[in-house]
Amino acid sequence: MSVFPSASPALSASAAPPTQAALLDFARRTAADTALIASLPLDPEGRTWVRLEGPGGSEAWLIGWTPGAGTGWHDHADSVGAFLTARGELKENALAARLPTDGWKTLELSEGVDRERRLPAGRGRSFGRHHVHEVLNESLDEHAVSVHAYYPPLPRIRRYSRTDQVLRLEQVERPEDWQ
């Protein structure tokens, strides 16, 4: 992993924290940097990523997705975020429900909470705290590349398994687990 320079100047320390809209704007401008997107080494066996300098102290990533790659169900805990597809197409499955933030292991989801978004190159989305989703590259033969930004920098990621309408907390990862 390496750190690439920011696609835009970071906000000054005295500026307000970046909003979801500012994170999505950063992702959009970064994805438009064709040289940066082309510089990401793509591995035929798995996802690749490099860390970027996001705006206003945010955490940002450039991620390469192999055909068929996915994140599994997860959330970004107390961080707001945004991501945008720079190349290829990604699919996001998300839950349109506010879940309890802590103190549970298994939840039965109500009918009608599932949302699906197709995000071809140039399209993205922002999201609030505790947004539960999975992101997939469903292509059988094309890599996808995306830009992600989170504020505050990710304090943890909670990973879930899902069987029908049952969501189960499986693991909590912290930054030291990603080093």
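Colleague: In the hairpin of E2 and E3 of this predicted model, which residue takes a positive phi?

Modeller: Gly-56 does, with a phi near 60°, in a hairpin that has five residues between the strands. Strand E2 (residues 48-53) runs antiparallel to E3 and is joined to E3 by six bridges, and Val-50 has Leu-62 as its bridge partner in E3.

Colleague: In what sense do E3 and E11 pair, and over how many bridges?

Modeller: E3 and E11 pair in the antiparallel sense, over seven bridges, and here Leu-62 stands opposite Val-147 in E11.

Colleague: Why can strand E3 be called largely enclosed by the rest of the structure?

Modeller: Seven of the seven residues of strand E3 (residues 59-65) are buried, and therefore the strand is largely enclosed. Both faces are covered, with Glu-59, Trp-61, Ile-63 and Trp-65 buried on one side and Ala-60, Leu-62 and Gly-64 buried on the other. As for Trp-65, Arg-47 lies over the face of this residue, at 4.8 Å from the ring centre.

Colleague: How is a pair of aromatic rings described?

Modeller: One gives the distance of the centres and the angle of the planes. The structure holds two aromatic pairs. The rings of Trp-104 and Tyr-160 count as stacked, because their planes are at 5°, with the centres 5.6 Å apart. This pair links distant parts of the chain, since Trp-104 is in the loop between strand E6 (89-95) and strand E7 (106-108) and Tyr-160 is in strand E12 (residues 157-163), 56 residues apart.

Colleague: Is the pair of Phe-127 and Tyr-150 stacked or tilted?

Modeller: Phe-127 and Tyr-150 form a tilted pair, at 6.4 Å centre to centre and with 55° between the planes, and both residues are buried.

Key: Residues are numbered from 1 along each chain as its sequence is written. This is a predicted model: local features need pLDDT of at least 70, side-chain atom pairs count only at pLDDT 80 or more; totals for chains, interfaces and linings use all residues. Side-chain values use heavy atoms; hydrogens and water are left out. Rings of Phe, Tyr and Trp (its six-membered ring) pair if their centres lie within 6.5 Å; planes under 30 degrees apart count as stacked, over 60 as edge-to-face and the rest as tilted. Helices (H or I, at least four residues) and strands (E, at least two) are DSSP runs, numbered from the N terminus. Buried means under 20% relative accessible area, exposed over 50%, partly exposed in between (1.4 Å probe, protein chains only). A charge sits over a ring if NZ of Lys or CZ of Arg is within 6 Å of the ring centre and within 35 degrees of the ring normal. Two strands pair if DSSP finds at least two bridges between them.
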